[in-house]
Protein chains: 2
Amino acid sequence: MVVVEARKLAETVDRSGKRQLRREGRESHRVFDGIVERIVSGSLRPGAKLNEPELARDFGVSRGPLREAIGRLEERQLVRCTPNAGARVIEHSPEEILQAFELREALEGMAAGLAAERMTETELAELRSIYEEEIESQKSNSWSRNFHLCIVRGSRNAQIGRILNEDFYRLLKLWRQTSSWLCHGTDLTWNEHRRILDAIENRDGECAEMLMRRHINRLRLTSIRNLAALEKPETA
Amino acid sequence: MVVVEARKLAETVDRSGKRQLRREGRESHRVFDGIVERIVSGSLRPGAKLNEPELARDFGVSRGPLREAIGRLEERQLVRCTPNAGARVIEHSPEEILQAFELREALEGMAAGLAAERMTETELAELRSIYEEEIESQKSNSWSRNFHLCIVRGSRNAQIGRILNEDFYRLLKLWRQTSSWLCHGTDLTWNEHRRILDAIENRDGECAEMLMRRHINRLRLTSIRNLAALEKPETA
DNA sequence: ACGACGAAAAGTGTTGACACATTAGCGATC
DNA sequence: GATCGCTAATGTGTCAACACTTTTCGTCGT
């Protein structure tokens, strides 16, 4: 009896047009993407608390799908949960960020080597055009990612691509929000990119890998210097 | 009234000792681990459906935490969800598995190089004792992982370690359940391990990385040969 | 005034129920 | 006899409510 009552009530609410269930897949995905966006855009700073009732209200869902999304975020190392205290946006130490650059060196190095062997002529032309746009616009910040992205795609290795795209590049965007010492593109970048492009065009996998690893290692070392200068400002 | 009834019932159930809410963290973690165990042990075969009501009953939880666990599993690429059709254990093609070995080559190669520079004398002694146990027991299957694991730990890079431990090694265990063509340890393994150990003991990072990459690449190439032999059995 | 205690508020972890989708089973039709 | 359509059963996606925990804030005592 009670159940029937509840059901009738629910149906009435539905008929009134308050909210009909949509069939466009799962809400938890939308919420996941939304929270990722808030994190990498800086709207949710590292260390910030993820208030479940508030977020649920923001995204117009109940706490069920929201908690699903938070679980996914924790699995992706974007938030950390503490028992009975909820989730907070993860805070990475400089050491962890620099370790991630070692990881990136290994992955993008391998990717460049594979790309040199596996890229099609069409992809090669695209890579060259990306490089030329990069030079022209004199902006390596946003376009640099495209250059690297194009090479990773060309490696024909979805496993490596997934880690870089869905883990590293996402975190990089976040780190740039908060860590000013992280090395951005400089004049050196373009020359390094040119040499990498050249190696790939010559189908020289070994050389492409070496140059890519040097390129990323230089970014890491420069970041370390920036960090040291930041922590010891007496040299200024 | 109804609510009070439900509450009293719940309390009664609790008092009877059937199941009181524990404070040891979240159920979704336990369920996650449980399902991972079922997947890597072969109890849940690739392609098998994850029936939510059934699994919920098995683990003694409701579907809330269960769905949280499934979301985490999907994020870890252990299951794949299709809208309104639930989750199935992921099926990796041979190509994907072989790509993962390229990923492993990059990561473990880097890890070996870093380990050569960073391992303490204590860790080095441990690595040597693992190697010697491996020789003695003439079993590289189970111990090989320990040898590799020890090197990864010695690299002092938690980012690389996390991907290998929580992604690759977990999947490797699963793949070995279903893909007979995957290369296991052979006589060659011990000699390769010996040379890697030697390079690390000599603090020769470059050499350690090269040897580790060759080692893993050989596993990949041997697996490819096994696979080809399996698909073209006319040569037998 | 300041700190300890305790009640109220807010938040987290979990549950059972509901709306919609898919699937399986059955009978009618050709 | 096989196929198509309908119906019931099973399953997925979501929600609101509940139990317990943590935090907040007001009160009291010193």
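**Figure 1. Contacts between residues in chain A of the predicted model.** Among contacts that join residues at least 6 apart in the sequence of chain A, 72% link residues at least 24 apart. The model is predicted. Chain A has 236 residues, and 33% of these count as buried. Its secondary structure consists of 10 helices and three strands. Along the sequence these elements follow the pattern α-α-β-α-α-β-β-α-α-α-α-α-α.

**Figure 2. Chain A laid on chain B.** The same surface serves both copies, since 100% of the contact residues of chain A recur in chain B.

**Figure 3. The side of chain A that touches chain B.** Here 28 residues of chain A are in contact with 28 residues of chain B. Three helices of chain A, namely H4 (63-75), H5 (94-118) and H8 (158-178), each supply at least two residues of this side. H5(A) gives the largest share, 11 residues. By class, the residues on this side of chain A are 11 nonpolar, eight polar and nine charged.

**Figure 4. Helices H5 and H9 of chain A.** Helix H9 covers residues 187-201 of chain A, and H5(A) packs with H9(A) at an angle of about 40°, the axes being 8 Å apart. At this angle H5(A) is oblique to H9(A). On H5(A), the contact is made by A:Ala112, A:Ala115 and A:Ala116. On H9(A), A:Ile196, A:Ala199 and A:Ile200 make the contact. The residues of this contact comprise six nonpolar, no polar and no charged.

**Figure 5. Helices H5 and H10 of chain B.** In chain B, helix H5 (residues 94-118) packs with helix H10 (residues 205-231) at an angle of about 165°, and their axes are 7 Å apart. Angles over 145 degrees count as roughly antiparallel, so H5(B) is roughly antiparallel to H10(B). The crossing in which H5(B) passes H10(B) is right-handed. The contact of H5(B) with H10(B) includes 14 nonpolar, five polar and eight charged residues.

**Figure 6. A:Glu136 in helix H6 of chain A.** A:Glu136 lies in helix H6, which covers residues 121-137 of chain A. With 9 other C-beta atoms within 10 Å, A:Glu136 is exposed, because a residue counts as exposed at 12 or fewer. A:Ser180 is 44 residues from A:Glu136 in sequence, and the two are 26 Å apart in space, C-alpha to C-alpha.

**Figure 7. B:Thr186 in a loop of chain B.** The loop that holds B:Thr186 runs between helix H8 (158-178) and helix H9 (187-201) of chain B. B:Thr186 has 13 other C-beta atoms within 10 Å and is partly exposed. B:Ile196 lies 10 residues from B:Thr186 along the chain, and the C-alpha atoms of the two residues are separated by 16 Å.

Conventions: Residues are numbered from 1 along each chain as its sequence is written. Chains are lettered from A and ligands numbered from 1 in the order in which they are written. This is a predicted model: local features need pLDDT of at least 70, side-chain atom pairs count only at pLDDT 80 or more; totals for chains, interfaces and linings use all residues. Helices (H or I, at least four residues) and strands (E, at least two) are DSSP runs, numbered from the N terminus. A residue is buried if 20 or more other C-beta atoms lie within 10 Å of its own, exposed if 12 or fewer, and partly exposed in between; C-beta atoms are placed from the backbone. Two residues are in contact if their C-beta atoms, placed from the backbone, lie within 7 Å. Ala, Val, Leu, Ile, Met, Phe, Trp, Tyr, Cys and Pro count as nonpolar, Asp, Glu, Lys and Arg as charged, and the others, Gly among them, as polar. Axes are lines fitted to C-alpha atoms, for helices over the stretch in contact, and angles run from 0 to 180 degrees between N-to-C directions. Angles under 35 degrees count as roughly parallel, over 145 as roughly antiparallel, 65 to 115 as roughly perpendicular and the rest as oblique. A crossing is left-handed if the near helix is turned anticlockwise from the far one by less than a right angle, and right-handed if clockwise.
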